[in-house]
Amino acid sequence: MIISASYKTDIPAFYGRWFMARLRAGHCRMTNPYGGQRYKVGLGADDVDGFVFWTKNLGPFLGHLGEIRDRGFPFMVQYSINNYPRAVEVSVVEQSRARDHLGLLAASFGPRVAVWRYDPIIETSLMPLDWHEENFAALAGSLRGLTDEVVVSFAHIYRKTRRNLDGAARDAGFDWRDPAPDEKRQLLARLKTIAARNHMTLSLCAQPDYLVAGVSPAKCIDAGRLEDIAGRPIMAAVKGNREGCQCFAARDIGAYDTCPQGCVYCYAVSDRARARDRLEAHDPEGEYLFPPKDADMKKGAADETRRRLAPVT
């Protein structure tokens, strides 16, 4: 089984201590966010074929990666580096620091471990489509040689996303819109050329209607990449979690409404204040990342909470 950690929250940035405690214990516990069922997820050598980490700030987790490798687990990192204005990404680590993290990752574990994500693409008056092209080109140039793939997507405008975007637009004084499909395809064609110039393939995450020549569907949970890293077969079948998704089957161990970074486009957080409260209440020694209401829950120390909230290192 491949473990995803996690597209629901940023475990490397905020919950690395919990992840390592659960890895050493050989399991964690999860709650189904829709039905409320509780279940145990094995994290031992006989249970896990590899890990896929998702993050916007790998810095706090870099020191743990050697132990994960030494325990025999292959892993890959989906690292989002967008360089968006603070009105849109409130507390994400600066792109120069993220670039340094990606450099350390590639130098220590090889460029196949690192996948750059430029997503989601969202158009605002602060970030028109031509701005995205220029921003993407600058980032791609700075990341050249550190990864061989960049995954992009356009924002899915869910109800909570629309609400958060509207609120941020009122507070910061910008406008936003969802570009027309042809505009998205035209931008993708230009980004594909930029990526190729920097020795990267460009893939599109779960949006087949926007595919253009030379852009392939992304496999964010990628058994083939994990096989290359591990040097052995990874037995997994493609089992996307929504229409157009080409990911291989995996178990995600994150929890919604637990990432406090404040990205206004985020589908996984409905309220940043709730996410901050849950981080403060998080028990890094507990079995659950965030437990059911009737489970025992310890309140984390305030100084440790402030340290985890800081978008640095």
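Predicted model: local features only at pLDDT ≥ 70, side-chain atom pairs only at ≥ 80, totals over all residues.
Modeller: Residues are numbered from 1 along each chain as its sequence is written, and side-chain values use heavy atoms, with hydrogens and water left out.

Biologist: How many helices and strands does the protein chain have, and what is its radius of gyration?

Modeller: Helices (H or I, at least four residues) and strands (E, at least two) are DSSP runs, numbered from the N terminus. The protein chain has 10 helices and 12 strands.

Biologist: What share of the residues of the protein chain count as buried?

Modeller: Buried means under 20% relative accessible area, exposed over 50%, and partly exposed in between (1.4 Å probe, protein chains only). Of the 313 residues, the share that counts as buried is 52%.

Biologist: Which residues does Ile 68 contact, leaving aside its neighbours within four places in sequence?

Modeller: A nonpolar core is a set of buried Ala, Val, Leu, Ile, Met, Phe, Trp, Tyr and Cys residues joined through side-chain atoms within 4.5 Å. In the largest one, of 77 residues, Ile 68 is among those that touch the most other members, as are Phe 19, Phe 51, Phe 53, Trp 116, Phe 136 and Ile 253. With contact meaning heavy atoms within 4.5 Å, the partners of Ile 68 beyond those neighbours are Phe 19, Met 20, Leu 23, Phe 51, Phe 53, Phe 61, Phe 73 and Phe 75.

Biologist: Which strands pair with E4, and in which sense?

Modeller: Two strands pair if DSSP finds at least two bridges between them. Strand E1 (residues 2–5) has four bridges to E4, with Ser 4 opposite Val 52. Strand E5 (residues 75–80) has five, with Trp 54 opposite Gln 78.

Biologist: Which residues point each way from E4?

Modeller: In a regular strand the side chains alternate between the two faces of the sheet. Six of the six residues of E4 are buried. One way point Gly 50, Val 52 and Trp 54, and the other way Phe 51, Phe 53 and Thr 55.

Biologist: Where does Leu 43 lie, and is Leu 43 buried or exposed?

Modeller: Leu 43 lies in the loop between E3 and E4 (50–55). Beyond four places in sequence, Leu 43 touches Ile 3, Arg 22, Leu 23, Gly 26, His 27, Cys 28, Val 48, Phe 51 and Phe 73. Leu 43 has a relative accessible area of 1%, so the residue is buried.

Biologist: Which residue in the turn between E2 and E3 has a positive phi?

Modeller: E2 (residues 27–31) and E3 (residues 38–42) run antiparallel, joined by five bridges, and Thr 31 has Arg 38 as its bridge partner. The two strands form a hairpin with six residues between them, and the residue with a positive phi, of about 85°, is Gly 36.
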